[in-house]
Amino acid sequence: MLRRVFGYDSFRGDQQEIVETVVAGGDALVLMPTGGGKSLCYQVPALARDGVGVVVSPLIALMQDQVDALRALGVRAGFLNSTQDPDERRLVEQQFLAGELDLLYLAPERLKVAATVSLLERGTIALFAIDEAHCVAQWGHDFRPDYLLLSELHQRWPAVPRIALTATATEATRAEIAQRLQLTDARQFVSSFDRPNIQYRIVPKNEPRKQLLDLLRTEHPGDAGIVYCLSRKSVEQTAEFLSAQGVAALPYHAGLDAAVRQRNQARFLREDGLVMVATIAFGMGIDKPDVRFVAHLDLPKSVEGYYQETGRAGRDGEPSTAWLAYGLPDVVQQRKMIDDSEGDAAHKRRLGQHLDAMLALCETTECRRVQLLRYFGQQYPASRCGNCDTCLTPVSSWDGTVAAQKVLSTVFRLKKERNQEFGAGQVIDILLGKRTQKIEQNRHDQLSVFGVGTDLTEPQWRSVLRQLVARGLLAVGGPYSTLRFTDASMQAMRGEETLMLRTEPERAARSSSRSRSGGSSKPQVELSAAAAPVFERLRSWRAAAAKEQGVPAYVIFHDATLREIASRAPADRGELGTISGIGEGKLNRYGDQVIAVLQESAS
Ligand code: ADP
Ligand code: ZN
């Protein structure tokens, strides 16, 4: 079935065991990262077992696309939710009762309606799949009260197997899902949360928009991607900037008109190669498989957020980039937001801990992936992954004890001798011995620390300051974000313990050469000179076909499939059918058209 319907040669990870468990009538609780291949875990058993697979999902906006994707494979699928008119609904109900469906997608609130329950009772059900199962967790961000109703499925249909799926990692959530859905006896499948095809990179932020443009031009020309910004204003400015530079970019934030937001989202899903510039309001349920990069122009508030947002890249398993530009102003801004936030001290402390974990990830000299997985309680099987910036361009560290002492005693003296506080810029100017107006006005050239830091450059001092703040050895606060001592500052100023700091990679400052050096994430590289234009032709054919059918391009074929077609140039339908991602349904539907595109390209 995997080969015939879906066109794949082998199961991935735990898929086979999960499928076998459910086909045999057992319950399963599945934790798999985004892009891990959760859908097949219930789609294959739904086809294999007698009756209809009922899939409960909160993502109503996606049901049409999910059903379209299944129909393109030749699978009989339908959905019931509040977006339909009664006639449409009746048609699906008839198909369900007549045994003309393999899969039925259902919004959870449908189960409150007695008519839906009695409909389900009159049909034959192959299994219940509960997607986004973490929505049952009451303390989570995505809690949906209707999910609590799902515990009743087991009482009404004790013989029907249930499979709950989520990409949410923590153990506490897993336990809560099992308990609330009465799945404590279900077999649990916990996959590694690693996303090997995503290349993690965190770079010092200099001129963020230029750095971003450089990334897009050198590594991701024509690719679809998401750019996250903190504020609505920077979303709009960045989208305008990219558009002016010839990159097709759209804005998305909560301040936009709902219709505009919806249109931009639909275009992003349906068209090839659009860049969505967005606040984190954009993302839940975006299962576009060919997002090639996720770029952060501002620091995420937590590692959880960072992992969820970057996880939207590369669901199709193809090489993808997660890129974050980060600098001292980010730390200043985030700390200020925490100080200004509502909520009690405990709440602020929690926010502070989340930020600290994120900063530790930014400042690490270790493999990013090793550290990320460790954060989620998983161990990467090696000490280096080979596909993150610290692995590709190993970061050395240096003894920054004395440099830190210089910074700290400058801040200390300003306070002690002058009762003054200043920001990072002035402190660096003092260290470098610059005779600016602001220095002269304040007679800072008369401080004993004036000019003691000429051994380092300005970017190096900025890096030292950023790391001191990131590690809590120096604080930032007040209306002008000035530098201040923390409890730990005094000890560091005495220099009793060696303080190792991260050396910024040589090339990091010159972003263009740097990004080219890390360019292993560019999938097009694999195409030969002969195959590249064929791939482009196939893409245009796919765009036209998608438009005609009103479905997203990836519903027809994924990029990976088109790339394999372009490289192998199959001579006939028989050969075409052996390519990964082409099952019987797609072969029948598109085989002749694809062969025609290939013949045109060859002539
Ligand atoms: P999830 O829901 O876990 O995020 P999906 O079910 O959307 O992931 O699958 C992610 C991608 O991987 C899809 O494009 C899917 O077609 C593909 N995929 C899943 N299983 C396999 C497999 N065994 N072989 C090849 N591709 C697969
Ligand atoms: Zn690594």
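What follows is a chat about a predicted model and some of its parts.

Visitor: What should I know about the model before starting?
Guide: This is a predicted model, in which local features need pLDDT of at least 70 and side-chain atom pairs count only at pLDDT 80 or more, while totals for chains, interfaces and linings use all residues. Residues are numbered from 1 along each chain as its sequence is written, chains are lettered from A and ligands numbered from 1 in the order in which they are written, and side-chain values use heavy atoms, with hydrogens and water left out.

Visitor: Which domains does the chain have?
Guide: The assignment gives domain 1 (2–190), domain 2 (198–393), domain 3 (398–502) and domain 4 (531–602). Such bounds come from an automatic or database domain assignment.

Visitor: How far apart are the centres of domain 3 and domain 4?
Guide: Taken over C-alpha atoms, the centres of domain 3 and domain 4 are separated by 60 Å.

Visitor: Which residues touch the most other members in the largest nonpolar core?
Guide: L120 and F268 do, in a core of 108 residues. A nonpolar core is a set of buried Ala, Val, Leu, Ile, Met, Phe, Trp, Tyr and Cys residues joined through side-chain atoms within 4.5 Å. Buried means under 20% relative accessible area, exposed over 50%, and partly exposed in between, with a 1.4 Å probe and protein chains only.

Visitor: What is L120 in contact with?
Guide: Leaving aside neighbours within four places in sequence, L120 is in contact with V54, F96, L104, L106, L111, I125, F128 and W157. Contact means heavy atoms within 4.5 Å. There is also a second, separate core of 31 residues, including L2, I18, V22 and M32.

Visitor: New topic. Which residues come nearest to ligand 1?
Guide: Y8, G35, S39, R315 and H558, out of 15 residues around ligand 1. A residue counts as near if one of its heavy atoms lies within 4 Å of the molecule.

Visitor: Where does R315 meet ligand 1?
Guide: A polar side-chain atom of R315 lies 2.5 Å from an oxygen atom of ligand 1. The side chain of H558 has an N or O atom 3.5 Å from an oxygen atom of ligand 1. S10 uses a backbone N or O atom, 2.9 Å from a nitrogen atom of the ligand. A polar contact is a pair of N or O atoms within 3.5 Å; within protein, one must be able to donate a hydrogen and the other to accept it, and residues adjacent in sequence count only if both atoms are side-chain atoms.

Visitor: And Q84, is that buried or exposed?
Guide: Q84 counts as buried because its relative accessibility is 11%. Q84 sits in the loop between β3 (77–80) and α5 (86–97). Helices (H or I, at least four residues) and strands (E, at least two) are DSSP runs, numbered from the N terminus.

Visitor: What does the side chain of Q84 reach?
Guide: The backbone nitrogen of N81, at 2.9 Å. A polar atom of the Q84 side chain also lies 2.7 Å from the backbone oxygen of F79.

Visitor: How many residues does helix α17 have?
Guide: Helix α17 (residues 401–418) has 18 residues and reaches 25 Å from first C-alpha to last, close to the expected 26 Å. The expected span is 1.5 Å times one less than the number of residues.

Visitor: What follows α17?
Guide: N419, with a positive phi near 55°. Most residues other than glycine have a negative phi.
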